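Let's go through this one together, a question at a time. Please have a look at the sequence and the structure first.

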Amino acid sequence: MTTDTQKEMTVKEKKELATAAEQTRPGALFVPNVDIFETEKEITLLADLPGVTTEHLTIDLRDNILTLSGEVAPFEGADEKDLLIEYEVGKYYRQFTLSDAIAQNKIDAQLKDGVLRLTLPKVEKAKPRTITVSAG
Amino acid sequence: MFFPRVFGVPSFGSMRPFEELSRMRRQMDRMMDSFMEPQLQGLRSGVFPAVNLTEDDNHFYLRAELPGVKAEALDIQATGRNITIVGERKLDTEDATARYHRREREGGRFSRALAMPKEIDADRVEARMQNGVLTLKVPKAESAKPRRIAIGN
């Protein structure tokens, strides 16, 4: 898939999450689209989270499981009546398993224009190192 | 679908095949449901972006989710009763050495026109882009606002 900017965007349904565990509060739960790529020194995760502000975004990391959870306030004012609703608004939730090769205390998160950029630096020892052998 | 029910018997290998089949049947049911969903959603134009249109007495509100699209990349026009939203979503160019594990986000151009149900005041449309959500506040023309009629006696 190329990001050729000449192509037209198509509308996609938001993916709903089917989990075994029910939520305590009712509302739709969506799986945000993410891009994950890695370079030599870090892994970067980009997630589309429109409508989520930093106060409502929770990034949880425990037992090598990274959980992204974002709340979106319902957009309608009290007096508004719906005329055409093409997309639902609801929480975003997604989990990933991280490998041990991530320096978990140096993770950086930036949320801008509804896109989260999570930078996960790799631990030093994940980089290959040649070991010199001295003749003894 | 026939599958045997046995109580209190340790699971032997022969009991498992029916488990598989009933699990497959449930998966098929779920797949059928997800195919049916789009039709049930109703009036979809299929054009990006998906919008939500609401109204109150004085305004129409048009909202669209456009994460990562900056205000400068958007061109919003109001003509007569029509609102057009044209723009481009550019994904950040990353390091050339990056190797992708997942690629779900899309970029590209989009262009959508929407006709408002009633006459609008095209000169006073307000647009706001916040957290990746575009909100257009479209005032209704005076003639389109509801009139409360008092009942005399």
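Q: How many bridges join strand β7 (residues 126–130) of chain B to strand β8 (residues 133–139) of chain B?
A: This is a predicted model, in which local features need pLDDT of at least 70, side-chain atom pairs count only at pLDDT 80 or more, and totals for chains, interfaces and linings use all residues. Residues are numbered from 1 along each chain as its sequence is written, with chains lettered from A and ligands numbered from 1 in the order in which they are written. Strands are DSSP runs of E, at least two residues, numbered from the N terminus, and two of them pair if DSSP finds at least two bridges between them. The two strands here run antiparallel, and the bridges joining them number five.

Q: What is the bridge partner of A:Leu84 in β1(B)?
A: Strand β7 (residues 81–85) of chain A pairs with β1(B) in the antiparallel sense, over four bridges. In β1(B), A:Leu84 is partnered by B:Leu53.

Q: How many residues does the contact take from chain B?
A: Residues are in contact if their C-beta atoms, placed from the backbone, lie within 7 Å. Chain A gives 39 residues to the contact, and chain B gives 45.

Definitions and conventions
Contact = placed C-beta atoms within 7 Å.
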